[in-house]
Amino acid sequence: MKNFLALLGLILMTSLLNAQNAEVSFGKNRVQFHDDFEQWSQYESENFITYWYGKSRTIGRMVAQIAEYDFREIQNILEHHINNKVEIIVYVDLTDLKQSNIGSEKVFSNRTGQTKILGNKIFVYFNGDHNHLRKQVREGIASVYLEAMLFGSTLQEVVQNAIALNLPGWFKQGLVAFAAEPWNSELDNELRDIMLDEEFDGFEKFAEENPVLAGHSLWYYIDANYGQSTLSNLLYLTRINRSEEEGFRAVLGTPFSFVLNKWEKYFQTRYTQDEQARQVFSGNEIKIKNRRNLPVYNVKLSPDGTKIAYVQNEIGKYKVFIQDIATGDRKAVLKGGTRNTFQATDYNYPMIQWNPNAQELGIIFEKRDVAYFSSYNILTEKKTTESIAPGYQRIYSMDYVNPFTLLFSGSVDGNSDIFIYNIKSRQSDRITRDFYDDLDAVFTKTENKRGILFVSNRPDSTMQYLKHDTILPINTFDVFYYDLDKRSRELVRVTNTPEISERYPIAIDEKWFGYLTDINGIQNRAMAYLEDYIHHYEQAITFNDGSEIILHADSTIAGIDSTTIDSIAIFPVIKKRAISHMSTDLPRNIIEQHTAPRVNQVLDVALLEHKTRIFINPIDTGTVKNPAATFFRKTYRPTSGSTNKISLEQPTKTVLEVVEEVPPTEEPPKEDKPEKKEEKVDIDNYLFQSEFDDDESVAPAEKETPQPATKEEKTEEITTIPATIYIEGQTSGRQPVAAESSVRSIHKIRPGKIKPYRPQFKTDYVTTQMDNSLLFEGLESFGANPNGFNYPPAGLLLKANFKDLLEDYQFDLGVRVPTSFNGTEFFVVFNDKKKRIDKQYAVYRKNVRLPDESASVSVPAKREYNILLGQFRMSYPFDIFRSVRATFMLRKDRSLYFASEQPTLNREILNEQRASAKLEYVFDNTLDVSINIKNGTRYKVYAELIKRFNVDVETGVKIGFNEGFMTVAGLDFRHYQRLDKHSILAFRLAGATSFGQEKILLFLVGLMEN
């Protein structure tokens, strides 16, 4: 109690003291770990300008095509147009995106899973999956268009709507997510777990905690039950009425609360039905210490089944744990990163995998944009670490082939491919080389043959060296098998599901392997094995001279003398195919799986009741499940843009199946009554699907005579009948009954339009405000201020900012005129942030006139005080929070009296010149919660060396230095503890001292800035 009273008394005492020093600058950093950003290129298409640098060249070209590919669809969803082209900046990976200078002076807000948007600029990065890249592009386009739609394009509209239109977070974020990707089984699983929780307390509370998912689900519900046209009407009337509730009432004719009740009932009913008759998660559940419910991922079961390893990540600060299954004891074997609430958390690293010897854990992590491989021995507790061979832009998965060889899925040239990596020699063997995505590679041994299982969105099983042309790798993922011993250029296709993705294959034994699939709407495990089958027959023709040719069995050779043929042999061509079945029927997605084949155990990771749960069970390859499809999977149909124009895979289901009870508007042609040649074909009701351009596929339709329709052709004709029918509970959102076109043209990159980027300076802002702050940190002369040091009087500050597109270079120009009109201040600042060391050049001039109250004449004499300051600053950042800064300054102070009388005429003009060098260590992790409300800690420790000198230019240039130095040392520590949404408790500890030939006068005044 005494300690508490003492602390309270100290706080009250400090509130009576007035501490003041010159304003102290803090700030966070953007760190460039490499020089890859030296050369940028730009490409301008019809609606976008895409920028990329050397290593992101391949990704940038793909982004330009994806943006044009999806542009019209997003425009149709929002029914809005803007005149300006959207600018897209492309980065190789998330680490490079965090190094960008763009938006560095703003809040470092870039949540995981959300695309970074700044004005009409979109920032995207590649994580090995082009579908994820496509989602980012769509999110960005939708966000830019929605911002323009809701808040307008002119300055007046933006100001008016920003004040009057106060929309909740779920409205915009959910709509952007809805436009970015259709509802899928992953979102369905996440929402299912939330809504079936007993603690679920309605939409509003849910929307506060997860506005993206809440908003996405509501827009999905509205689209599925009221139609897509309702969305644009809602947006328009919401803007007009300045309220989302009034918008819903005007469009749907019901109160917003009624819509929310129907939304909740709709999902509760479908999820309750989905839960029926499914097996539950069972087996040995592994408990881990996770009180704060931090993300846990990359869970791996040791080969002997006695331990698990996993990664726990707290917004960037990660730990790798090894935990004993029997005792529950765990040990952190690797720690790294920092807590970073300002930028997206990278959950790709670290990645872990057990060595087949069961004694070592392999870890890949990233530090300062360099990938490292670390091996931890659980017996000796020793760890070896070395960098991975340069060239890998990012590694997406890791497995062991043997104790000294790794299997990677990684990116080298902007494409995700498969690699074999030798740990000792650091040499790589590239298995695949194309622009299709190859992920989740695992080593397997079946029938005593080494192989690789991986997932890919390639359309067929051939392995060819393909360069990016006019094909977009945006198909779903299938499982493929590669024979590592045979090294054939043909893969074994394990699955072929054009609208379903399979992920995370696992090796089980000499025969079986598994993978995860959401074919029934919930991601469950499937078991599979490979078997031989006769693919076709070939014939070997041997001639009399011993030469031989091999042809297909049905082929014939014309013009060859049969007497020259010695023999003909027919033989079968044997290939492999996969036989699979479902093995589980669980109510939630298996988000990760791993096996220990030696002990016949499989590990499953699931998200249950908002918590990561880990289960271990015996491997069961014999049980066959037939899981019922969820409501979402029953009603799911491909969207109009799901088909790649040149892809070999086409949707297998027709859109008519969405509402089977809707009768066609026209009768299909009968088989016994073929159409006459002179009758015209109603091309408006036909859907042409071709792997060729439109001009190649449409032309023949007018010349050919329609043939009698077969059964399959009838179905195809019916599916193309246009209809706009929305039945509640029947569709799955953003899936029109009849697609406008399932074939889109793909923008062709014209290399001649790619040009180097040159800095393009634009006005970022021009501000006018009343201000009395110290514009520059510098030596304030007490002698020049007869009334003592005070803040400058309030004045009108005019400031203009000019930046280049990438914000590597920035100009600040400003002038301030005090309200008393007795002086002016001018400054010019140039910032160069292109490389890791940030540089700042500044020139500042101040001119002020002061009265001389000691003058003896009736009219007070005045004196003029001039400051001319030149400053050069360098900042070397260690990370986003920590940096070392050095400032070099030249300053000239000149004070003279106006000759209003004889005494002032004889007064000496005061000229002082000083040079200084200042070194600072700065830490700042504060977050702006609200205006003038921060949360976090920041501090600065500094030392400054000051030297006086004289420059005489009257009789030649002479420079003289005064004896001795003045040294200043100090610190400034501040901590902001948040109490509630609108208040904080701020602590500050500040102090400084000076010594040497001159002194700094430190005194207490009343104001403390944040």
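These legends describe close-up views of a predicted model.

**View 1. Helix α8 packs against helix α9.**
Helix α8 covers residues 202–209, and helix α9 covers residues 211–226. Their axes are 6 Å apart, and the packing angle is about 135°. An angle of 65 to 115 degrees would count as roughly perpendicular, and one over 145 as roughly antiparallel. The two helices α8 and α9 are therefore oblique to each other. On the α8 side, the contact uses F203, F206, A207, E208 and E209. On the α9 side, P211, L213, A214, S217 and L218 take part. Seven of the residues in this contact of α8 with α9 are nonpolar, one is polar and two are charged.

**View 2. Helix α7 meets helix α9.**
Helix α7 spans residues 185–195. The axes of α7 and α9 cross at roughly 105° and come within 11 Å. The pair α7 and α9 is therefore roughly perpendicular. From α7 come L187, E190, L191 and I194. They meet L213, H216 and S217 of α9. The contact of α7 with α9 holds four nonpolar residues, two polar ones and one charged one.
L213 and S217 also belong to the α9 side of the contact with α8.

**View 3. Helix α2 packs against helix α10.**
Helix α2 runs over residues 57–78, and helix α10 over residues 228–241. The axes lie 7 Å apart, at an angle of about 65°. That angle makes α2 roughly perpendicular to α10. N76, I77 and L78 of α2 make the contact with Q228, S232 and L235 of α10. Three residues of the contact between α2 and α10 are nonpolar and three are polar, with no charged residues.

**View 4. Five residues form a nonpolar surface patch.**
The patch is made by I534, Y537, I568, I570 and I574. Its area is about 490 Å². Strands β25 (524–543) and β27 (565–582) each give at least two residues to the patch. The largest share, three residues, comes from β27. I570 is placed in strand β27.

**View 5. A salt bridge joins K762 and E87.**
Side chains of opposite charge can pair when their charged atoms come close. In the pair of K762 and E87, the closest N and O atoms are 3.8 Å apart. K762 sits in strand β32 (residues 761–771). E87 sits in strand β3 (residues 86–91). The pair links distant parts of the chain, 675 residues apart. The model's salt bridge count comes to 52.

P350 lies in a loop. That loop sits between β10 (330–336) and β11 (351–354).

**View 6. N298 has a positive phi.**
N298 is a residue other than glycine, and its phi is near 55°. It is located in strand β7 (residues 296–301).

**View 7. N847 and its contacts.**
N847 is in strand β36, which covers residues 838–852. Leaving aside residues up to four places away in sequence, N847 touches N822, G823 and T824, and also E864, Y865 and N866. N847 and I867 are 20 residues apart in sequence. In space, their C-alpha atoms are 6.6 Å apart.

Conventions: Residues numbered from 1 in each chain as written. Predicted model: local features only at pLDDT ≥ 70, side-chain atom pairs only at ≥ 80, totals over all residues. Heavy atoms only, no water. Axes fitted to C-alpha atoms, helices over the stretch in contact; angles between N-to-C directions. Helix = DSSP H or I, 4+ residues; strand = E, 2+ residues; numbered from the N terminus. Parallel < 35°, antiparallel > 145°, perpendicular 65-115°, else oblique. Contact = heavy atoms within 4.5 Å. Nonpolar A, V, L, I, M, F, W, Y, C, P; charged D, E, K, R; others polar. Patch = residues over 30% accessible without salt bridge, like charges linked within 9 Å, V, L, I, M, F, W, Y side chains within 5 Å. Areas by Shrake-Rupley, 256 points an atom, 1.4 Å probe, with all protein chains shown as cover. Salt bridge = Lys/Arg side-chain N within 4 Å of Asp/Glu carboxyl O.
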